[in-house]
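Subject: Handing over the structure

Hello,

I am passing this structure on to you. Please open it first, then read my notes below.

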Amino acid sequence: MLSCRLLPMVFAAFGAAFALSGTSALASTMAGPAVARGGVFSVATTALPHAEPGLKTVAKGADTSGLVDSGAFLRGIVAARLGDDPEAAQAFRDALRTDPANGNLLKQAFVRSVMAGDPQAVQLARKSVAASDRESVIAALVLGNDAVSRGAWADAVHYYRQAEVDPLAHLIMPLLMAWCEQAQGHADKGMARLVSIQGSVLVPFYTTHAALIAHAGGLQPQAGVLFAQAQKMMPGGDLLLARSYAAWLWAQGKHGQARDLLRAQIASDAVLALAGPGLQADIARFPVANARAGIARAYVLTAFLLREQAHDQAHNTGMDPMKGAANRYQIDEATRLMLGFALGMDPAQADARLMLAEIQDEEGYTAAARRTLQLVAHDDPLAPVANLRLAVLDTSSDQIDEAITLLSALARQAPDQLTVLRALGNALAQKKDWKGAIAAYTKAIDLGAAHKNVDWTLLFLRASAYYEAGDWPRARDDGRAALAYAPEEPMLLNFLGYSMAERRENLPEAGRLLSKAHQLAPEDAAITDSLGWALLEQGDLAGGMPLLEKAAELTPEDAEINYHLGEAYWRVGRRTEAVDQWNMALGLHPNAADEERIRAALRRAGVARNDERPAPQAEKGNHTL
């Protein structure tokens, strides 16, 4: 039945997506800054192929003289397409060694090395500057970061100034310069540089960094004032600010106030709540204690700005998907560059890894996203968040056993976290462990009820699991309970209405539920088919036939929809068309239960199939989700 087709969609719609929804707060919480167009991302991506990573690197005037190591080059292309920046960087460097004069290969090797956080990016930056007689924005930032790592602060300032011409780099330049001043013993100048800026969308973040600079420079009274100011500017909270201000309050002996501040930040995000115990245990430690870590955080902020720009452009180019996809690709590449800078400066920065994994997952680089999350230190306060995201990735990529292991451990560590229980139920349902899924959903429902927070989607998920387990009475009860909270939800109306129609249980009510679902979602093929089938079962051939034909037009490659249409044709005497529909349905690889129904219909029509096998044990199914 259609459960095999739609049940995973339910778990995705009300499970995995929910489980990841809060993690953007780990970067920063800022409402849509007006980022200058043509910033770092436009400069960065000139070195990158847009639609076909790597394919344009040997072209457009480059005299390769047949020297390119095609094997290494192709390895780089494949690795880039898989989001494996370390492998891509190594492959392009190998190709570059064969043809060191190839400027395009140099750009590829350089940019991928930056994204991978590879130390060889510094050497390639110098080669890039020598080859072009000028410093690109990326090369200037790489060389500036290298100077920071060596403690050569005057050199760092020199290189960073070369990048100031870029509009987006210009926004974070005050942070880079202020931290360089702090490192040279001039915390007061760095702090003054940041607090003097007015009218910028980044003022709350400049103020937060000014407070961190004051703290690092021993100017504790000024740090406290600035932290308080930043807190007023960002009433919605920001994780870096909350952790930093809480650490400052703790150092002043204001332990209760520190814990309350951190608790309020954690409570604002369902996923971040997983990190609550670790963050509270780590409350005395400043997340930014020196200039190098401060500069790393500046790059995370840049990455966040680019993410905001990507979301903004996706909205503005919604009518032009090709243009939107190209823009999103460019911005995502540049965002990964900035995160490469951040992790090169501070490899232990968990929130940068969380953001990077999110981008990699969105781009379809699941294996790369998994590796990124696995690099979050086990003792980092944000490790539980990384593990949850890793488990959701494993669930969506069919590594179910790994997901269940991770989620079971998280559920033991945090038994009061509804998000974990939901994700565990989804993973168990994916494995068709309906009993286990029901148990997990029940715990989540009871937990929500204890906090007077009933979530209808959990009731729907449990109803679906009960249905698959063959317990229709409980499935119906949960479905009705969910409907009381979400009476306008088409999927839920379809679940109840179709399940009742299949059992010929209260057909008038089933028709009413499905009619309402169809009114709410008239182009949904499954709902259209459900209503048509319910009308057919009530003997209303004239009403059901057009709906079943429309459903088949909307989803022509759905086995069950074609079976239903064949049944309608059979009942009105269009026997040849009925057999054609059933044969078509059989060729669409139906699940075992649907296959048996289709073959039974063909046998009823007196049609023998040479490929007929002994009927398998029919599995319970569900068109309803």
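The notes below go from the whole chain to single spots.

First, the ground rules. This is a predicted model, in which local features need pLDDT of at least 70 and side-chain atom pairs count only at pLDDT 80 or more, while totals for chains, interfaces and linings use all residues. Residues are numbered from 1 along each chain as its sequence is written, and side-chain values use heavy atoms, with hydrogens and water left out.

**Overall**

The protein has 32 helices and zero strands. Both are DSSP runs, numbered from the N terminus (helices: H or I, at least four residues; strands: E, at least two). Of its 625 residues, 57% are buried. Buried means under 20% relative accessible area, exposed means over 50%, and partly exposed is in between (1.4 Å probe, protein chains only). Take the contacts between residues at least 6 apart in sequence: 61% of them join residues at least 24 apart. A contact is heavy atoms within 4.5 Å.

**Helices 12 and 13**

Helix 12 covers residues 220-233 and helix 13 covers residues 239-251. They pack at an angle of about 145 degrees, with axes 10 Å apart. Axes are lines fitted to C-alpha atoms, for helices over the stretch in contact; angles run from 0 to 180 degrees between N-to-C directions. The crossing is left-handed, that is, the near helix is turned anticlockwise from the far one by less than a right angle. Helix 12 brings Q220, A223, G224, F227, A228, A230 and Q231 to the contact, and helix 13 brings L241, S244, Y245 and W248. By class, that contact has seven nonpolar, four polar and no charged residues. Nonpolar covers Ala, Val, Leu, Ile, Met, Phe, Trp, Tyr, Cys and Pro; charged covers Asp, Glu, Lys and Arg; the others, Gly among them, are polar.

Q252 sits in the loop between helix 13 and helix 14 (255-267). Q252 counts as partly exposed because its relative accessibility is 36%. Q252 and Q220 are 32 residues apart in sequence, yet 9.2 Å apart in space, C-alpha to C-alpha.

**Helix 19**

Helix 19 (residues 366-374) has these buried residues: A368, A369, R370, T372 and L373. They pack against helix 18 (350-362) and helix 20 (383-396).

**The second largest pocket**

This pocket holds about 350 Å³ of space. A pocket is an open set of points on a 1 Å grid over the protein atoms alone, where a 1.4 Å probe fits, with protein on both sides within 12 Å along at least five of seven lines; lining residues have an atom within 4 Å of a point. The volume is the space filled by probe spheres set on the points, which are joined across faces, edges and corners. The lining has 12 residues, and D416, L418, L447, H451 and N453 lie nearest the centre. Helix 22 (418-430) and helix 23 (434-450) each supply at least two lining residues. The lining divides into five nonpolar, five polar and two charged.

**Loop residues**

K432 is in the loop between helix 22 and helix 23. K432 is not a glycine, but has a positive phi of about 65 degrees. K432 counts as exposed because its relative accessibility is 52%.

N506 lies in the loop between helix 26 (490-502) and helix 27 (507-520). Phi of N506 is also positive, near 50 degrees. E505 is found in that loop too. Beyond its neighbours within four places in sequence, E505 is in contact with W472, R476 and M500.

Over to you.
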